[in-house]
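Hi everyone, thanks for coming. Have a look at the structure on the screen, and then I'll walk you through what holds its parts together.

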Amino acid sequence: MNATRPADPLGSIDSTELRILHTLSVTGSLTATAAALGLSQPAVSQRIKRVETRLAVPLIERFGRGIRLTTAGGILADHGRTVVSEIDAALAAIDDLRGERAGTLRLVGFPSASATIVPAIMRLLAVEAPEVALQYREAEPPEATEMLRDGEVDCALIFDYEGAAELPAGSAFFPLWREEVHLVVSDRRAQELDGHGVPGSPAKLSDFAAEHWIAGCEKCRGHLLAAAHDAGFEPEIIQETDNVPAMLAMAAAGGAVALVPGLGLAAARTLPDDAVVVELDPRRYRTIGIISMATANESPQVRLAKRLLAGIDGTTWGLALPGTRDAKETSE
């Protein structure tokens, strides 16, 4: 009467036992198999016996002075070769991830970063981690933080005006740079301003209280309202766009002025002929940084993103490290 195998499909055999049978099919020896896998010969024999008991079928048999696999053992060894290969490939892929050498980095960033910081990330990625694919999406900070919270991205490149950012619960903000916010006006308006003071000197925001204003994205609009409040007036916003080149062109045309961050000016590359950048007194700034979900073990993708960003020279676009003071501030 044939023995009946217990109904135990999940616990009948594990990857180590498949590896033993596959190695045994290659070496033909329990001693050689044990040496190849870093196990003792008794341990190898015991594992084989346990599988035979669970499956109720012999897997090895005596053959002359040695041993060989039975038909059942050969079947497991053949399938084991495939399983072991897949497991080894999976472990190698995980090792690559751990070493920041493979996988996909899912990043979201704001528009002016798309034309400046993100291409710099791509260049570094091609050199330092060419097997990592960058999956990039563009969004203003409020939407970007929602994408991070919902698990759609690994990290988000955002800007923050004086700690006003609303971060998802359980996330962490890592500041990278500080950038100055400038006033952009028409050349005609700038000449009028110079006629009442020192040409090229900083202007007070209150000098433009009577002007019409151009507002940008939700956060930039909020900053404009806060800055105007600090200066003692409420701005009359008549145009709205988060397209910086369009904003610059509108300001150059006259009839309205705008607050534009330095990175936005750098992304636009050229200033319209009839537009002028005016420094503010007091100066205003915003911080650029990266947010990710705070975990006990930071993911390889986030580590890679931070490492790449740390290797970018922000002075190319007039950015400074957070907490630093430029020469103009020091002289004030």
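Predicted model: local features only at pLDDT ≥ 70, side-chain atom pairs only at ≥ 80, totals over all residues.

Residues are numbered from 1 along each chain as its sequence is written, and side-chain values use heavy atoms, leaving out hydrogens and water.

The chain has 13 helices and 11 strands. These are DSSP runs numbered from the N terminus: H or I with at least four residues for helices, E with at least two for strands.

Now the cores. A nonpolar core is a set of buried Ala, Val, Leu, Ile, Met, Phe, Trp, Tyr and Cys residues joined through side-chain atoms within 4.5 Å. The largest one here has 45 residues, and Ile-117, Ile-288 and Leu-309 are among those with the most contacts inside it. Strand β6, residues 171-186, gives the most to this core, with 5 residues. There's also a second, separate core of 14 residues, including Leu-18 and Ile-67.

So which helices pack at an angle of about 110°? They are α6 (residues 117-128) and α12 (residues 300-310), with axes 9 Å apart. Axes are lines fitted to C-alpha atoms, for helices over the stretch in contact, and angles run from 0 to 180 degrees between N-to-C directions. Angles of 65 to 115 degrees count as roughly perpendicular, under 35 as roughly parallel, over 145 as roughly antiparallel and the rest as oblique. That's why α6 and α12 are called roughly perpendicular. Contact means heavy atoms within 4.5 Å, and among the residues making this one are Ile-117 of α6 and Leu-309 of α12.

Last, the aromatics. Rings of Phe, Tyr and Trp (its six-membered ring) pair if their centres lie within 6.5 Å; planes under 30 degrees apart are stacked, over 60 edge-to-face, the rest tilted. The structure holds 3 such pairs. Phe-110 and Phe-159 have ring centres 5.0 Å apart and planes at 90°, so they're edge-to-face. Both are buried, and together with Tyr-161 they form one aromatic cluster.

Conventions: Buried < 20%, exposed > 50% of the residue type's maximum accessible area, 1.4 Å probe, protein only.
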